[in-house]
Amino acid sequence: MKKNIAVIGAGLAGLACARELGKGGHQVCIFEKSRGAGGRLSTRWTDRDLNPPVGFDHGAQYIHARSPSFSALMEAAQAAGAAKVWNGRVVHLAYGVQSEEQPARSARWVGVPGMTSLARFLAGDADLQLQKKVTEVVRQGDTHTLKIVKTDGTVESRSGFDFVVSAIPAEQTAQLFSAKIDSLADVAMQVTSEVNWTVMVSFANRTPINFDGAFVADSPLGWICRDSSKPGRAAGERWVLQATSDWSSLHKDYPKEVVADLLMDVFMSLIGKQIEPLDLTAHRWLYGVPSNPLTDRFFVDMSASVAACGDWLCGSSAESAFSSGEALGQVLNRHFEAQLSGSSA
């Protein structure tokens, strides 16, 4: 008998897990509180009417693929037109001194026309329930019921789930399950996520900068990128400025307008130019990358019929999140198959 499974969170981990469970023939429903899939693999669209649309990759900037499975996914996404290799000129900056171009250790993959395109490709035809935040998971007999709050404030319940997978950050996992399933909450409470501020800025003309991306040392900014230099992007000049975790933590509660102005000043100082932006905005990732990820790869409590996957269980990279979800889905498929075989014997 195939299972009815709820996956909470449509980031890379949740999508990878759902894909594997779908291969096993199970009925999977993915619940995501945001307007689109991807999690930190996200794009902020500012004009969807153009072709390609105008936007900023304000989360993950690019992806390295080193494992055979993840490399195969990137190649499949490329064949489908959802991914390409970004060959931008990347350097290091420190004390105003610029290094030579830093070759990538492996290809820098990006989604086309935005990073969120990779999430849409991975989601495929999955049952993806967007703008639905799961606020409670209740075990009733052999199944779970989910309490869900939609963006308009209305509340609904979905019942009959044989298994629930949490694919959201550690802090959110701990909060969601703390009153019901101690085993999962206890593990999640061991991990802390870093706050990360990101600024998105557009200019009227191309900036006089001879690189497309830079890792920055000894600065409130840790990474700056000419986002419009990535393949498949709309015309224009757009930059993404990402603050360090230390600076972001110190300024965690600052208004986003203040953060945007502060980091814009840092950017102007770094490049030695004063250029008036066309548009400037900031976004705070309250739960960015995990600062102390575990080494478990995933978590499963078969007796409670719950599991968790994500980079907080095995690393801080996009590939780690994918591998966590993929491995969990494969383990659950084997477990469910063994259950079926046992009941048929």
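Seven strands, in the order β7-β6-β15-β16-β17-β14-β18, make up an open sheet with mixed pairing; two strands count as paired if DSSP finds at least two bridges between them. Strands (E, at least two residues) and helices (H or I, at least four) are DSSP runs, numbered from the N terminus. The model is predicted, so local features need pLDDT of at least 70 and side-chain atom pairs count only at pLDDT 80 or more, while totals for chains, interfaces and linings use all residues. Residues are numbered from 1 along each chain as its sequence is written, and side-chain values use heavy atoms, with hydrogens and water left out.

- Strands β6 (residues 90–94) and β15 (residues 213–217) run parallel and are paired over 5 bridges.
- In this pair, His92 is placed opposite Phe215 of β15.
- In a regular strand, side chains alternate between the two faces of the sheet.

- Strand β10 (residues 132–140) is antiparallel to strand β11 (residues 143–150), and 8 bridges join them.
- Arg139 has His144 in β11 as its bridge partner.
- The hairpin has 2 residues between its strands, and Gly141 there has a positive phi near 70°.
- Lys132 is part of strand β10.
- Lys132 counts as buried, at 14% relative accessibility; buried means under 20% relative accessible area, exposed over 50%, and partly exposed in between, with a 1.4 Å probe and protein chains only.
- Apart from neighbours within four places in sequence, Lys132 is in contact with Phe31, Glu32, Lys33, Ile148, Val149, Lys150 and Glu156, where contact means heavy atoms within 4.5 Å.

- The loop between β4 (54–56) and α2 (68–79) contains His58.
- His58 is buried, its relative accessible area being 4%.
- When neighbours within four places in sequence are left aside, the contacts of His58 are Ser42, Thr43, Arg44, Thr198, Met200, Gln242, His283 and Trp285.
- Ala282 is 224 residues from His58 in sequence, yet their C-alpha atoms are 9.2 Å apart in space.

- Helix α3 (residues 116–123) is mostly covered, with 6 of its 8 residues buried.
- Those buried residues are Thr116, Ser117, Leu118, Ala119, Leu122 and Ala123.
- Gly124 follows α3 and has a positive phi, near 55°.
- Pro113 lies in the loop between β8 (109–111) and α3.
- The peptide bond from Val112 to Pro113 is cis, and its omega is near 5°.

**Further backbone features in loops**

- Asn51 and Pro52 are joined by a cis peptide bond with omega of about 0°.
- Pro52 is located in the loop between β3 (44–47) and β4.
- Asp218 is not a glycine, although its phi is positive at about 55°.
- The loop between β15 and β16 (221–226) holds Asp218, and this residue is exposed, with a relative accessible area of 58%.
- Arg297 is likewise a residue other than glycine with a positive phi, near 75°.
- Arg297 is in the loop between β18 and β19 (298–301) and is partly exposed, with a relative accessible area of 43%.

**The protein as a whole**

- The protein has 8 helices and 20 strands.
- For 345 residues, a compact globule would have a radius of gyration near 20 Å, and the 21 Å of the protein agrees with this; the radius is taken over C-alpha atoms, and the globule rule is 2.2 Å times the number of residues to the power 0.38.
- Along the principal axes, the C-alpha atoms fill a box of roughly 70 × 40 × 40 Å.
- Of the 345 residues, 51% count as buried.
- Among contacts with a separation of 6 or more, 66% are between residues 24 or more positions apart.
- The accessible surface comes to about 15,500 Å², of which 48% belongs to carbon and sulfur atoms; areas come from the Shrake-Rupley method with a 1.4 Å probe, and for residues only the protein chains shown count as cover.
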